[in-house]
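Colleague: Before I use any of the terms in your notes, I would like to see what each one rests on. Please show me the model, and then I will ask.

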Amino acid sequence: KILTRHLTTFDGTPVPPGVPAAGDSIVVRADWRFSHEYFTGLCANLLRAAYGDDIPLWDRERIIAFEDHLNLAHRSAPHIKQGLLAGIGGLSRAHRAFVDRYGVLEYGRLSPADDEARPLGAEGSVGICHAVMAERHALPGEIVIGTDSHTPHSGGLGCLAFGAGSTDIAASWVTGRIRTSMPRTIRVELSGRMPEGLAAKDVVLHILALPAIRSGAAIGCVFEYGGGALRAMTTDERCTLTNMVAEMGGLTGIIEPDEETARFLRERRGVEFVIEGWMRSDPGARYADRIDVDVATLSPMVAAPGDPGNGIPLAQVAERPVLDIAYGGSCTAGKRADFDEYHRVLDWARQQGRRVAPGVKLYLQFGTRNVREYCEERGYLATFADVGAELLEPGCGSCANCGPGASTRADQVTVSAINRNFTGRSGPGNVWLASPATVAASAIAGRLVSFSELMHG
């Protein structure tokens, strides 16, 4: 429905009548188009090569540039060792040159002036692109495109958000349009009541481990989440489900907007949004496939090193690895709900007189400045400091192997709340994926454990 409502053409000819079939090539209007510093300069060069300088941009107010991926490179061992900082400086200059030339909306690096009198210093950014889009811009029924595979994050609000290549983004700056294919849709029905301590990240790791997903059956599909368990989730948790569709090989994930969506928009943005009747699938809608998950049967999950599809219930991991690093953050796990979980576990540990285990380094990195401010207001920062966590300003950081939290040796073991644990993704060591609560509990225990195991072990 969203795609059909956005159908257009590049040359102004009428759109053919009817609904395109799955696999048909289509052109759609994009409501939001964004890039980050890895690709902004490349997109600008493609634009300049095709059209020359100072070409008018289409709906410039809805183009956003983020400098969020490389802002901690000065603390990244591989970038320093390999002499990459000069190249990163070039990417940053090209990014800012585009912003200055065209006057597009930018969310950039923090500066000392931005961060006056704040205890965490001035490094970092305003926020990770996907997280900021959900916090400040994306609305139900819109189309959002960006130069990152985790653009589907915003699908948690009921919009169609997907990643696109540099050429497509550059073209969209001029035309406001993008060519894509009509996708197939998979319905993911989440039923039952979430057990205490279970999170959306555990649900995602379960889905990723399903044989059909691991075989590539869902490549290019839209994952439409629904069901009673989904309705009980906050928008932050829903965004975890849509964010990690990237790991499933899907085009995007989407959730029917509802009262929770309206609450999120009202409380986070002061927007009174009316959910329209068309913003859901029709009864009897046909799907390419269906996945049914009774969340009541699930328990805390982890993904063994090498692939996010290596999911296994933590209780079935017989030999629990001793840890060197615990990392909580990234677009997937740097939201308010995630920090509620870090605090829930770490405040319990503080009350028990416990701290981060000797030999373990715990990093907590905010996904956006708004998340950091939320934690400040709720008094979380003192708890984090008391147990020995190191707090990091917003940015992609170790998830992009670009900052504290990434391993520096092959023998190191990390438990991380990021979305990917491919070899080398977050340094040369082994990375176990887990939920925010499991990451925090494991940091206190010094080995891989759930919060329940920490409390009762």
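Colleague: What makes you say that the charged end of Arg 62 sits over the ring of Trp 32?

Modeller: A charge sits over a ring if NZ of Lys or CZ of Arg is within 6 Å of the ring centre and within 35 degrees of the ring normal. The charged end of Arg 62 is 4.3 Å from the centre of the Trp 32 ring. Arg 177 likewise lies over the face of Trp 58, at 5.1 Å from the ring centre.

Colleague: What kind of model is this, and how are the residues numbered?

Modeller: It is a predicted model, in which local features need pLDDT of at least 70 and side-chain atom pairs count only at pLDDT 80 or more, while totals for chains, interfaces and linings use all residues. Residues are numbered from 1 along each chain as its sequence is written, and side-chain values use heavy atoms, with hydrogens and water left out.

Colleague: How many aromatic pairs are there?

Modeller: Rings of Phe, Tyr and Trp (its six-membered ring) pair if their centres lie within 6.5 Å; planes under 30 degrees apart are stacked, over 60 edge-to-face, and the rest tilted. That rule gives 11 aromatic pairs. In one of them, Phe 34 and Phe 66, the centres are 5.5 Å apart and the planes at 85°, which is edge-to-face. Phe 34 belongs to strand β3 (residues 32-36) and Phe 66 to strand β4 (residues 63-66), 32 residues apart; helices (H or I, at least four residues) and strands (E, at least two) are DSSP runs, numbered from the N terminus.

Colleague: Why is Phe 34 called buried?

Modeller: Buried means under 20% relative accessible area, exposed over 50%, and partly exposed in between (1.4 Å probe, protein chains only). Phe 34 is at 1%, so it counts as buried. Phe 66, at 0%, is therefore buried too.

Colleague: Why is the pair of Phe 98 and Tyr 102 called tilted?

Modeller: Their ring centres are 5.1 Å apart and their planes at 45°, so the pair is tilted. Both residues lie in helix α4 (residues 85-102), 4 residues apart, about one turn of the helix. Phe 98 is buried at 2% relative accessible area, and Tyr 102 counts as buried at 10%.

Colleague: Which residues of helix α12 are buried?

Modeller: In α12 (residues 259-269) they are Glu 260, Thr 261, Ala 262, Phe 264, Leu 265 and Arg 269. The helix is followed by Gly 270, with a positive phi near 70°.
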